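Please read the following report beside the sequence and the three-dimensional view. Both are shown here.

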Amino acid sequence: MSNTQQAIEPQTITLCGLSDLIPNSGICAEVDGQQIALFYLPSETPQVYAIGNWDPIGKAHVLSRGMVGDIGGKLVVASPLYKQHFDLLTGECLENDQVSVSAFSVSLVDDQVLLSL
Amino acid sequence: MLKVVVVGNGMVGHHYVEQLVASEIEAHITVIGGETRPAYDRVHLSEVFSGRTPEDLAMTTRDHYRELGVEAHFGDFVASIDRDNKIVTTESGKQYAYDKLVLATGSYPFVPPVKGNDLEPCLVYRTIDDLGMIQAQAKDRKIGVVVGGGLLGLECANAVKNLGLETHVVEFAPGLMGVQLDNGGSAMLRRKIEALGVQVHTSKATQVIEENSDGDTRLVMQFADGGSLATDMIVFSAGIRPYDQLARDCGLTVGERGGIEVDYHCKTSDSDIFAIGECALFGGRIFGLVAPGYRMAEAAVSQLGNDSVAFQGADMSTKLKLLGVDVGSIGDAHGKEEGSVAYTFSDERIDVYKRLIVSADGKKLLGAVLVGDCSDYDTLLQYFLNGIDLPADPQTLILPYNAGEAPALGAAALPATATICSCHNVSKGDIVSAMDAGFCSLAEVKAETAASTGCGGCTALLKNIVDDEMAARGLEVNTAMCEHFNFTRQEMFHVIKVESIKSFEELIEKHGTGRGCDICKPTAGSILASLWNDYVLEDKHVGLQDTNDTFLANMQKNGTYSVVPRIPGGEITPDKLIVLGQVAKKYQLYTKITGAQRVDLFGARVQHLPAIWEELIEAGFETGHAYGKALRTVKSCVGSTWCRYGVQDSVAMALYVENRYKGLRSPHKFKSAVSGCTRECAEAQSKDFGIIATENGWNLFVCGNGGMKPRHADLFATDLDDETLIKYIDRFLMFYVRTADRLQRTSVWMDNLEGGLEYLQKVVIEDSLGIGAELEDQMNNIVDTYQCEWKTTIENPEKLKRFRQFVNSEAEDREIIFVEERGQPRPATEEERQQILAKSA
């Protein structure tokens, strides 16, 4: 067990500063050609969330421009194209369990948004 | 196949065709209509002079018949029927063979045998062509006389009055509407009609009509009592006579005073020939209303199939508006039944007359007369038709409410056979079955049964039944918007307004649960904007806006946006057109002229939106709010400035209206149009509010819709001056903003308003709720605080942060791929996109 932990010492990347985020809404960042939707919910814990920006149903990079809220206690973003909801923590689609997007680990340290790869 | 020939294409003949097509009976249908037009709504004929066009009255078209596989011929009368060979021959010599023949020839106006009744300005009132002649004779004339003070005569008087003539009604009998009203009701009707400026002359027998040799008028009528009346035109509308000549000529049995005799199945003395509508005589009676004619058509159709429906006569109770006066007559209006007792209520202060005729034992309603106020009609009709026991004090049914609460007729008291909607013949049983089948809401019941979609008179009763049935099933209508708020949009509106709530956080903390979602957030955002008109991208509102509102543009299927600058009234200078072209070229946008009379630019990447708008605003454009639930365009025709037919400057009015209401946030998008004359080139009658110019001002239409569920707008008010027009629209729109449900267009909103159009007219025109001034103030506040959201956005660097494609790089989204088609870019299909991406990798 201890071996594995050492082998994947998490690599972190700074995506942007806290001031780049928009409260209760999303923005998009790019890492190695991959698009990541970042959401900043100041009154939640944790305060930042990251999932893939690609909407697998609408087939476009748009999830960062969706509206955030909660459905049945889960924090979600609604796709701006066809309104399916994606869980901000797991990337699961609430309307269709065959579909999901990637979820990423992000944290807010010293007013910087850090992504763990 | 069975060959069915239908002679006559009036309302009843058309209903027969519709019923036969809808049935399972296989038949080849041939329609032969004497008039040049397919069937139209004769009941509302006089509206042609108050804003409606003949096309509005049409009930079908030649194309529609063609689609139904019906062979139709118009403008050719049938001249003879050969019963032995079963062939009809028309005046033009065409012959049609039949297996079953249906005579729906209707009736013709009775013209009293008076010398001079054939002079040129002596006309009749029956068809659209008649209206054309009346209009031609009325041109540049002052006085018009209608002979006949019955139902048809008063309808006709309305038409003459609408033409702007000094209108007289001449009646042979001592009172108006002698068939439907008792003396008291008749007198009240006269009083009300005279107050409207129509002069009534009763007990007048016309002896001769002569040309007027001296004076300004063309004719003089001489009466038996020695009096005379000068006029320019006479229209006879003194009753109808059945068109039965065809039947007489071929030997069918006709009544002594006319009418083709029919049995319960609407069969004539020849069992292969049916007669329906006003040409038919059943039980010694002619039924001169449309509803009994429809029932006859249905009975006649059923004879061709397996289930035979009998026509058993019809109730001739009627409720109508004559010259704007409400008149109702039920059953035995004259109290002819022996031992019957009458209750009468009359209030000359407000000109209302009501009379009940009750059986000797006081238990059953036999008849009623209502003039000036028909609000009790539906309830009384149910008592009458269903033989429901009257309350102990029947007079409470017609007394004003403050004199003691009238006992409400509970929906539960009605039997299943009770007819609720007489226009579409829907019974209470039909409504209950629809609800049994799962159509439970009022809107669903309406859509399923067609109840209350005709004249709308039964709306309140229908709602009572639906509510009552819901309660009986232990169901409750769940009106909650979403899991976060137990409110309808209207309730949310009230809460926000009354408590002066300024943010979503405050709203959900006080009245909701959780954090909100994509249903309640934009609804609250829209209400906050309607009430306080803050810039929609204020920090506290950003999270409430749908992406389209956030980026002030409409997201398209590939994640790019459309850019829609406002082009008010569709009027644009050449310089501005050039700028649109330049901007589109620079940012490689697809351009299309849309139905809203503007130019949409498609395919803008999110990071280009601010630069695009900066150039557009520099050139004088504003946002077109195509992304918002707000006013879209106000379409217009060129109007009197250029058009030979225009009577008002429709472009100037469209510009004014569009600039006034631009940016107003509402439950759904709304559209408008202004036409410069009744030719209606701007299609204003398909809009949420439409304005059509008249010689005297503007006619206002409301609650029309195009799109998925087209709905013709209703005429709301006529001949308005500019100021009144704007006042009514202010009130109408603000009342809609306040009370409509989320994503409810005006047409559906009005259909769900209890009382429908009339209620809306009361609120807006008569200010029955006393909120007129408040609605106007609210609108003025919004107009005064308007800002172009794009202008505000590009002036604020902080707001522009949102429009970066990536927060951490200047790259663009390389996965958005366009291909060229017809010289313009379009989004690549998923297949094309994959191929292009694979190639570039």
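This is a predicted model: local features need pLDDT of at least 70, side-chain atom pairs count only at pLDDT 80 or more; totals for chains, interfaces and linings use all residues.

Residues are numbered from 1 along each chain as its sequence is written, chains are lettered from A and ligands numbered from 1 in the order in which they are written, and side-chain values use heavy atoms, with hydrogens and water left out.

Helices (H or I, at least four residues) and strands (E, at least two) are DSSP runs, numbered from the N terminus. In chain B, helix H18 (residues 574–586) packs with helix H19 (residues 609–618) at an angle of about 165 degrees, their axes being 10 Å apart. Axes are lines fitted to C-alpha atoms, for helices over the stretch in contact, and angles run from 0 to 180 degrees between N-to-C directions. The angle makes H18(B) roughly antiparallel to H19(B), a term for angles over 145 degrees. On the H18(B) side, the contact (heavy atoms within 4.5 Å) is made by B:Val579, B:Leu580, B:Val583 and B:Lys586. H19(B) brings B:Ile612, B:Glu615 and B:Leu616.

Chain B also has an open sheet of 5 strands, in the order S32-S33-S34-S35-S36, with mixed pairing. Two strands pair if DSSP finds at least two bridges between them. S32 (631–636) and S36 (714–720) of chain B stand at the edges with a single partner strand each, so one side of each has no neighbour in the sheet. The twist averages 15 degrees from one strand to the next. S33 (residues 670–675) and S34 (residues 689–694) of chain B pair in the parallel sense over 4 bridges. Two helices pack on the sheet, as listed in the table.

| Helix of chain B | Strands touched | Angle between directions |
|---|---|---|
| H20 (residues 650–661) | S32, S33, S34 and S35 | about 175 degrees with S32(B) |
| H23 (residues 756–766) | S35 and S36 | about 35 degrees with S36(B) |

The contact between the chains takes 37 residues from chain A and 38 residues from chain B.

Two backbone details remain. The peptide bond from A:Thr45 to A:Pro46 is cis, with omega near -10 degrees; A:Pro46 lies in the loop between strands S3 (34–40) and S4 (48–52) of chain A. B:Leu552 has a positive phi, near 50 degrees.

Conventions
Angles under 35 degrees count as roughly parallel, over 145 as roughly antiparallel, 65 to 115 as roughly perpendicular and the rest as oblique.
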